[in-house]
Amino acid sequence: MSGLPKQPFNENVIVGFDTADDAGVYRLRDDLALVQTLDFFTPIVDDPYDYGRIAALNSINDVWAMGGKPISAMAITCFPKEGVDLAILGEIMRGGLDILTMNGVALLGGHTVDNKQIMFGYSVTGVIDPNKVAANTGASKGDSIILTKPIGTGIISTGIKFEKADPDVVAGSIETMLTPGADAASAMRDFDVRGATDITGFGLLGHAWELARASKVTIEIDSASVPILPGALELAAAGMLTNGDRTNREYVGNDIEIAGDLSKELRSILYDPQTAGGMLISIAPERAETLLARLRQNYPDAAIIGRVVEHKSFSLFVS
């Protein structure tokens, strides 16, 4: 979208596509704005019901990442007319609907196209107070950086594809993906968080880079503090990497400095694309521990993984 001409100024667009944020925000009135997002992807687990559930949470998370409350959704489906049992599509949609219903999101309809590759997801609309938006432009010098969930789901999904992932590792990854971001969004509102994003396709480093770039700061990440899913490092060492391992490195480019002693497996974990990943939250250091304690009630692996400093010659530093 960076190649598109800039739209005429609209004072009601609070968050547009120019900072690559998780969702767009459009003001309806002084105390009410819409939050809008869309996401869909190919299957990453074997069970169609779980795939539908994960796809729904992955889409809703973008509204929660802005501090918003999701209210409605439209399904987006690519599915072959022939060669695959339609009962599988039914299970995918059932899983998605269960998650929407559980989180108070009304399914209004959707659109399906004939396609050889199965893909599924939702466009989601939420509401928010326009004065309380958490955006990727809101990180401030001195802030602590909190990550709510462990990373490594992309590598584990590749392990599932090649039948290299142990059942316990798979179960842990699915449990993490199926942990909603609703409680994180509630905590962000209560703590008046203004800088946040969720970790999805661009991986921890890609989304941290977006947060740093949009906020015009440098983010320093302590890799030893980053929570990692059990089994992910071992699968990375076995070569179970996604295409995102390469494309996310290209995305961040040279605007990063990584300590030379980090293993190649750990680097791959940090670049690994996530599905329904955790929130990356920027908050004043004097409030970080209190927020962390609140988050750990629902996200036991939540951790302070870094800090925000004045912008240097690069946007990310990883030690």
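1. Before we look at anything, one term: contact here means heavy atoms within 4.5 Å of each other. Helices (H or I, at least four residues) and strands (E, at least two) are DSSP runs, numbered from the N terminus. What you have is a predicted model, where local features need pLDDT of at least 70, side-chain atom pairs count only at pLDDT 80 or more, and totals for chains, interfaces and linings use all residues. Residues are numbered from 1 along each chain as its sequence is written, and side-chain values use heavy atoms, with hydrogens and water left out.

2. Start with the open sheet: its 7 strands come in the order β8-β11-β7-β12-β9-β13-β10, and the pairing is mixed. Two strands count as paired if DSSP finds at least two bridges between them. At the edges you'll find β8 (195-198) and β10 (256-258), each with a single partner strand, so one side of each has no neighbour in the sheet. From one strand to the next, the twist averages 20 degrees.

3. Now zoom in on β7 (residues 144-147). Which strands does β7 pair with? One is β11 (residues 279-283), antiparallel to β7 and joined to it by 4 bridges; there, isoleucine 145 has serine 282 as its bridge partner. Another is β12 (residues 303-310), also antiparallel, over 4 bridges. In β12, leucine 147 is bridged to alanine 303, while isoleucine 146 stands opposite isoleucine 304.

4. Are the faces of β7 buried or exposed? Both are covered: Ser144 and Ile146 are buried on one side, and Ile145 and Leu147 are buried on the other. Buried means under 20% relative accessible area, exposed over 50%, and partly exposed in between (1.4 Å probe, protein chains only). In a regular strand, side chains alternate between the two faces of the sheet.

5. Helix α6 (residues 203-215) lies across β7, β8, β9 (217-221), β10, β11, β12 and β13 (316-318), at about 150 degrees to β9. Axes are lines fitted to C-alpha atoms, for helices over the stretch in contact, and angles run from 0 to 180 degrees between N-to-C directions.

6. Finally, check out α1 (residues 48-65) and α2 (residues 86-102), whose axes come within 7 Å and cross at roughly 40 degrees. The contact includes Tyr49, Ala56 and Leu57 of α1, along with Ile88, Ile92 and Ile99 of α2.
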